[in-house]
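Reader: I am new to this structure. Please show me how to read it, feature by feature.

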Amino acid sequence: MAFFNTLITVFLSLSLIILLLCPSLSLSSSIHDLLLSKGLPAGLLPEEVKSYTFSEDGRLEVFLDAPCLTKFENRVFFESVVTANLTYGSLIGVEGLQQEELFVWLPVKDIIVDDPSSGLILFDIGLAHKQLSLSLFEDPPHCKPEGGLRNHVRKEKGFEVLR
């Protein structure tokens, strides 16, 4: 009986050590909780995130069922896989995310919150840096299939869909 108790203690200790040393294996409840724990707003990624991986070196991969569109200040397009290096207060080297500026889709390269007390978040869209209010990103947005939002926006503005 003592051997069995010792074996259970060793197993539980090893399991705890593995979970502490491998954050990607820990039971983090959602990508939105991970963003909050890293000093970023939960609403940077849509509700429709299917899963994600986060490695020890900071590499984040986010998986959605399909590409989709949503809107913060402008329209934003998420590919089915979005990747970046996640450190405290920033997503650097973002791939799979584009933002519409003056009818042109530009890739979002970096997302940074330098000073949370400023209430601002910085988006590097290559040609420019755009500062937006953190309040736009408090809640994860709902993301619609690629065609859904485009058609909806055109109808709201009085244009017919010509396809």
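Author: We take confidence, layout, core, cavity and backbone in turn.

Reader: What should I know before starting?

Author: This is a predicted model, where local features need pLDDT of at least 70, side-chain atom pairs count only at pLDDT 80 or more, and totals for chains, interfaces and linings use all residues. Residues are numbered from 1 along each chain as its sequence is written, and side-chain values use heavy atoms, with hydrogens and water left out.

Reader: What does the protein average in pLDDT?

Author: pLDDT is the predictor's confidence in each residue, from 0 to 100. Here the average is 81. At least 70 is reached by 72% of the residues.

Reader: Which elements have the lowest and the highest mean pLDDT?

Author: Elements are DSSP runs, numbered from the N terminus: helices (H or I, at least four residues) and strands (E, at least two). Helix α1 (residues 2-21) has the lowest mean, 46. Strand β2 (residues 59-64) has the highest, 98. Residues 4-28 have a pLDDT below 50. Contact means heavy atoms within 4.5 Å; beyond near neighbours in sequence, this stretch has ten contacts in the model. Residues 149-163 are also below 50, and that stretch has eleven such contacts.

Reader: How many helices and strands are there?

Author: Three helices and ten strands. Along the sequence the pattern reads α-α-β-β-β-β-β-β-β-β-β-β-α. Take the contacts with a separation of 6 or more: 40% of them join residues 24 or more positions apart.

Reader: What share of the residues is buried?

Author: Buried means under 20% relative accessible area, exposed over 50%, partly exposed in between (1.4 Å probe, protein chains only). Of the 163 residues in the protein, 35% are buried.

Reader: Which residues touch the most other members of the largest nonpolar core?

Author: A nonpolar core is a set of buried Ala, Val, Leu, Ile, Met, Phe, Trp, Tyr and Cys residues joined through side-chain atoms within 4.5 Å. The largest one has 32 residues. Leu44, Phe78, Leu91 and Ile121 touch the most other members. Elements giving two or more residues are α2 (31-37), β1 (49-54), β2, β4 (75-87), β5 (90-101) and β8 (120-124). β4 gives the most, five residues.

Reader: What does phenylalanine 78 touch?

Author: Leave out residues up to four places away in sequence. Its partners then include Leu44, Leu64, Phe72, Leu97 and Cys143.

Reader: How many cavities are there of 30 Å³ or more?

Author: A cavity, on a 1 Å grid over the protein atoms alone, is a set of points where a 1.4 Å probe fits but cannot get out; lining residues have an atom within 4 Å of a point. Grid points are joined across faces, edges and corners, and a volume is the space filled by probe spheres set on the points. The count is one. The largest cavity holds about 80 Å³. Among its lining residues are Leu44, Phe78, Thr83, Leu91 and Ile111. β4 gives the largest share, four residues.

Reader: Where does leucine 102 lie, and what is its phi?

Author: Most residues other than glycine have a negative phi. Leucine 102 has a positive phi, near 50°. It sits in the loop between β5 and β6 (104-107). Phenylalanine 103 lies in that loop too, with a positive phi of about 70°.

Reader: Is leucine 102 buried or exposed?

Author: Leucine 102 is exposed, at 77% relative accessible area. Phenylalanine 103 also counts as exposed, at 77%.

Technical notes: 1 Å grid on protein atoms, 1.4 Å probe; cavity = no way out; pocket = protein on both sides within 12 Å on 5 of 7 lines; lining within 4 Å.
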